[in-house]
Structures are given as C-alpha cells and as structure tokens.
Amino acid sequence: MKILIVCGKAFFVVCLMLITGLAYSQPPLDIGNAVPNEESQYSKLEFWEDSIATYTHDLQNKVVDEDRLLTNKKIIPLLVKALREPGSFNYPFDNLEYLAKAYAPDSTFRLLTWFVKLDNGENRYFGAIQQNNENNKIVPFFQNKNDIVDIRNAKLNPEKWYGAIYYNITKVSDKKRDYYMLYGWDGGSFLSTKKILDVLYFEGDSIKLGAPIIQTKIDEAPIHRLILEYKKEAAVTINYDDTLGMIVYDHIIPEDGKSFGMYPTYVPDGSYEALKFKKGTWQYVEKVFHQTQDEAPITVPLFEDKGPLPVSFPKN
C-alpha cells in the first residue's frame, strides 16, 4: 500500500511539472489580432474594453517612457476598433480609468483624451473626437505644441494640438455658429500645471480649435483661448457655473506678491473672476464674489497619487 501511495504522489508531481512547463512555453496572446467571439457572454464592446485593459499595468508602470509609449501604440488600434462598433458612442469604458471622456451637451460628439508620462516630467497627450452619427466618425488629435508660437491666439486643429485632458464641454451660440467650450488640464511639468479654456467649432467637415471670443480683461482684445498656469501644488478651478450663468475661475497671483510673469509661483488669492457670454463674446467679469480667504488653497492635489497616470479626472 505504501508503494502505491508513493507512486501516486510521484505521478502527480510529474503531471504538475508537465502542465507548468507547457504553460510557460506557450507564446503570449497577441491581443492585437484577437476578435470578439459572437457566442461569448460578453458584448463586442466589453471584449475590446477588456482587451485594452490588459495593457493598463504596462502603460502605467513600465520603467522607461519608450516602453510606455510602445504599450500605448498597441492600445490605439484596439480603441479605434471599439469606437467603430455600433452603439459605442454611449459606452462608458469605465474599466479604463486613465481615459477621460467629455460629452458635448447636445450629444453631437465626445472627446476622449489620455496621456503617457515621459521620463523628463512632461506628458505626451493623445486624443480623439468621436461624432455621434451613423458611422461613429473618429478624428484623432495629434500633439504638436512645439510648433505653436502663441498658444493664446493660435488657430489650431486636431492635426496641430497643444495636448490636454478635457473634463467638461459647454455650448454657446451666436448668429454665425455654435461654439463648444473645452475645459482642459495640462499637468506636464515639474514646476507648474495649466488649466485651459478653449473653443471648438465646426466649419463644414473641418474641426477648428480657438476663436477670438474670450476677453480676459476689460478693454483688452479677445483671445482664442485662456491659459491659467500656476504652481504645481496649487488647486485652481475653472468651470461653467449653471447658477451664475458664467464661466468662473480662480484669480491667481505670484505667491510672493512680486514675481509677476513667473507662473510656477502663481497661486489663488481666494477671489474669483468670470466670463459671461454677451453679443457673441465671453466678456470679462472682474470679481464674482467679494469675500477672500486669508491664505491661498494650495494643498489639495488634483489627482490621487496612484502612479504616473491619473485614476480620476478633475470636475473643474
């Protein structure tokens, strides 16, 4: 009996070794060539989302940016396949925490944006606009900020984009066209962060970024987009306030009160400025509230710190 037990144990160990060896000898799954199973319990969109999610760890945790960018290159065609599926416009992609989705209030399009952290402390941004039509038309955004001379007044388009994470979209109209206001975040610097208010509009089939309809100071000429650059640790907000009917944002000043123009030193002073849409222009409102705080609120982080990519996106 003892001999049989020993033999049985030996046979089990040999089988386990064979199974383990076979498992490790199998080539990795090429997800890029995978296709959804029509008979699967998962929908096609869930299949593509799960396929993309398998790369999330590498996108966030690869040691060098070259590997992170290579991982991102594998993700993009999978995301395109997902966005081309019928019904994908309203699919939330909740399992892709690094993917920000901002919807136009009239549901004509949505913007999907994300970034890859680079070794030099900057971010490489990626994005696409998905239109809500029969073909789910997708237009990619290409970051090309080095060719942008004056970002506040540049006329841009998806092929020439500064790069940002968009967290909100609002809409206004005048006699000429509809304007979609984009609220964005750019954290790609060791010293400073930017909040960006941009203008998107359609000209035929073309997408345009920037329009001279934003007045930042009384009696100053309107600019194409508003940039708020401030100290990395500061918390600065800009968003549309439904109650006030205005875009409200923090008034920021140099922390020492004298280093004007050195934006990495800028912090909120506790007061707020605003923009109100009148006669086709966002007109400047110097002070929204008259009370101020004794100290600037500079301790609240924008993103929860869980690696090089954000796990949630700002609401303002």
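What follows is a friendly conversation about a predicted model of one protein chain.

Reader: What makes up the secondary structure of the protein chain?

Author: The protein chain has four helices and 13 strands. Keep in mind that the model is predicted.

Reader: How much of the protein chain is buried?

Author: Of the 316 residues, 42% are buried. The accessible surface comes to about 17,800 Å², and carbon and sulfur atoms hold 54% of that surface.

Reader: What share of the contacts comes from residues 24 or more positions apart?

Author: Among contacts with a separation of 6 or more, such residues account for 51%.

Reader: Why is Gly 210 called buried?

Author: The cut-off for buried is under 20% relative accessible area. Gly 210 has 4% relative accessibility, so Gly 210 counts as buried. You will find Gly 210 in the loop between strand 8 (206–209) and strand 9.

Reader: Which residues does Gly 210 touch?

Author: Leaving out residues up to four places away in sequence, Gly 210 touches Asp 198, Val 199, Tyr 201, His 224 and Arg 225.

Reader: Why is strand 6 described as largely enclosed by the rest of the structure?

Author: Strand 6 covers residues 178–186, and eight of these nine residues are buried, so the strand is largely enclosed by the rest of the structure.

Reader: How do you know that strand 5 and strand 6 pair?

Author: Two strands pair if there are at least two bridges between them. Strand 5 (residues 165–173) and strand 6 have eight bridges, in the antiparallel sense, so they meet that definition. A hairpin of four residues joins the two strands.

Reader: What joins strand 6 to strand 7?

Author: Seven bridges do, and strand 6 and strand 7 (residues 192–203) run antiparallel. Trp 185 has Lys 195 in strand 7 as its bridge partner. Here the hairpin runs through five residues.

Reader: Which residues have the most contacts inside the largest nonpolar core?

Author: They are Leu 197 and Ile 214, in a core of 53 residues. Strand 6 supplies the largest share of this core, with six residues. Apart from this core lies another, of 19 residues, including Tyr 55, Leu 59, Leu 99 and Phe 126.

Reader: What is Leu 197 in contact with?

Author: Contact means heavy atoms within 4.5 Å. Setting aside neighbours within four places in sequence, the partners of Leu 197 are Met 181, Leu 182, Tyr 183, Ile 214, Arg 225, Leu 226, Ile 238, Ile 247 and Leu 275. In soluble globular proteins, nonpolar side chains tend to be buried together.

Reader: What makes strand 3 mostly covered?

Author: Strand 3 spans residues 123–131, and eight of its nine residues are buried. Strand 2 (residues 109–117) pairs with strand 3 in the antiparallel sense over nine bridges, with Phe 115 bridged to Tyr 125. Five residues lie between the strands in that hairpin, where Gly 121 takes a positive phi near 95°.

Reader: How many bridges join strand 3 to strand 4?

Author: Five bridges join strand 3 to strand 4 (residues 138–142), and the two run antiparallel. Ala 128 has Pro 140 as its bridge partner in strand 4. Their hairpin has six residues between the strands, and Asn 136 takes a positive phi near 50°.

Reader: Where does Lys 279 lie?

Author: Lys 279 is in the turn of the hairpin formed by strand 12 and strand 13, which has two residues between the strands, and its positive phi is about 50°. These strands pair in the antiparallel sense over five bridges, and Lys 276 stands opposite Gln 283 in strand 13.

Reader: Which residues lie nearest the centre of the second largest pocket?

Author: Lys 217, Leu 226, Ile 227, Leu 228 and Tyr 263 do, out of 15 lining residues. The second largest pocket holds about 360 Å³ of space. Strand 9 (226–231), strand 11 (246–254) and strand 12 (266–278) each supply at least two residues of the lining, and strand 9 gives the most, with four.

Key
Residues are numbered from 1 along each chain as its sequence is written. This is a predicted model: local features need pLDDT of at least 70, side-chain atom pairs count only at pLDDT 80 or more; totals for chains, interfaces and linings use all residues. Side-chain values use heavy atoms; hydrogens and water are left out. Buried means under 20% relative accessible area, exposed over 50%, partly exposed in between (1.4 Å probe, protein chains only). Accessible areas come from the Shrake-Rupley method with a 1.4 Å probe; for residues, only the protein chains shown count as cover. A nonpolar core is a set of buried Ala, Val, Leu, Ile, Met, Phe, Trp, Tyr and Cys residues joined through side-chain atoms within 4.5 Å. On a 1 Å grid over the protein atoms alone, a cavity is a set of points where a 1.4 Å probe fits but cannot get out, and a pocket is an open set with protein on both sides within 12 Å along at least five of seven lines; lining residues have an atom within 4 Å of a point. Grid points are joined across faces, edges and corners, and a volume is the space filled by probe spheres set on the points.
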